[in-house]
Amino acid sequence: MNHYEFEQFIQDNGKDLLRFCRMTCGDKESGDELYQDTMLKLLEKRKKLDIQQNLKSYALSISILIWKNKKKKYANRKRLLPMESIDSMENEGNLSIADTSAMSPENCILQKDEKNTVQKIVANLPEKYRMPIYLYYSADMSIREIAKVLQIPEGTVKSRMNKAKHLLKKELEALGYDR
């Protein structure tokens with residue numbers, strides 16, 4: 001992969017990778033650091049990368065490996081910080097300013113509170129359920145790509161996503177959400 005192809009890869013996939021890193025780490029600073037470490041590792045291996053391969057999946061798997069290594073490294077010093085805030089991360093799913101101006105202030109606050117609640121519940125899922133959800137919804141990956149990144153069978157990805165959705169539904173119903 002030459003320099004131009006690497007630049008093009010970053011332009012095409014950088015936003016998804018950054019969003020995934022931030023969601024995985026749970027805060028903007030750690031996510032940015034993970035993204036930077038991932039990009040440095042890709043840059044080091046740039047000459048060995050094949051543009052014909054699915055580089056997005058490869059980059060995400062590198063990101064996961066780096067994150068797991070850091071997690072192991074700091075586990076003895078501190079317990080991992082809870083993934084409380086993903087608010088700093090803006091994604092396409094948010095309402096635009098034009099949409100929110102048409103809504104009442106009460107509805108805006110309720111919608112933001114609902115979003116925060118769902119994000120906190122997802123962040124508290126066990127890692128094996130949380131990762132497929134993040135990859136599917138934030139990195140916009142298919143089941144096949146997630147299976148490749150996580151190095152597990154497609155059926156396992158499907159069952160983990162199903163279990164994660166079931167856990168989310170159960171938790172939300174316990175909090176009084178009925179949809």
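## An aromatic pair

The structure, a predicted model, holds one aromatic pair. Tyr136 and Tyr137 form it edge-to-face, with 4.9 Å centre to centre and 80 degrees between the planes. (Rings of Phe, Tyr and Trp, the last by its six-membered ring, pair if their centres lie within 6.5 Å; planes under 30 degrees apart are stacked, over 60 edge-to-face, and the rest tilted.)

Tyr136 has 32% relative accessibility and so counts as partly exposed, while Tyr137, at 51%, is exposed. Here buried means under 20% relative accessible area, exposed over 50%, and partly exposed in between, with a 1.4 Å probe and protein chains only.

## Helix α5

Let's turn to a helix. Helix α5 covers residues 105–123, and its 19 residues should span 27 Å at 1.5 Å a residue; the end C-alpha atoms are 27 Å apart, which agrees. (The expected span is 1.5 Å times one less than the number of residues; helices are DSSP runs of H or I, at least four residues, numbered from the N terminus.)

Asn116, Thr117, Gln119, Ile121, Val122 and Ala123 are buried in α5. The buried residues of α5 pack against α6 (127–137) and α8 (154–174).

## Ser63

Ser63 sits in helix α3, residues 55–75, and counts as buried because its relative accessibility is 1%. Leaving aside residues up to four places away in sequence, Ser63 touches Phe20, Cys21, Leu34 and Thr38, where contact means heavy atoms within 4.5 Å.

## Confidence and conventions

Mean pLDDT (the predictor's confidence in each residue, from 0 to 100) is 80, and 82% of residues reach 70 or more. Over residues 79–100 pLDDT stays under 50.

Local features need pLDDT of at least 70 and side-chain atom pairs 80 or more, whereas totals for chains, interfaces and linings use all residues. Residues are numbered from 1 along each chain as its sequence is written, and side-chain values use heavy atoms, without hydrogens and water.

Terms used. Helix = DSSP H or I, 4+ residues; strand = E, 2+ residues; numbered from the N terminus.
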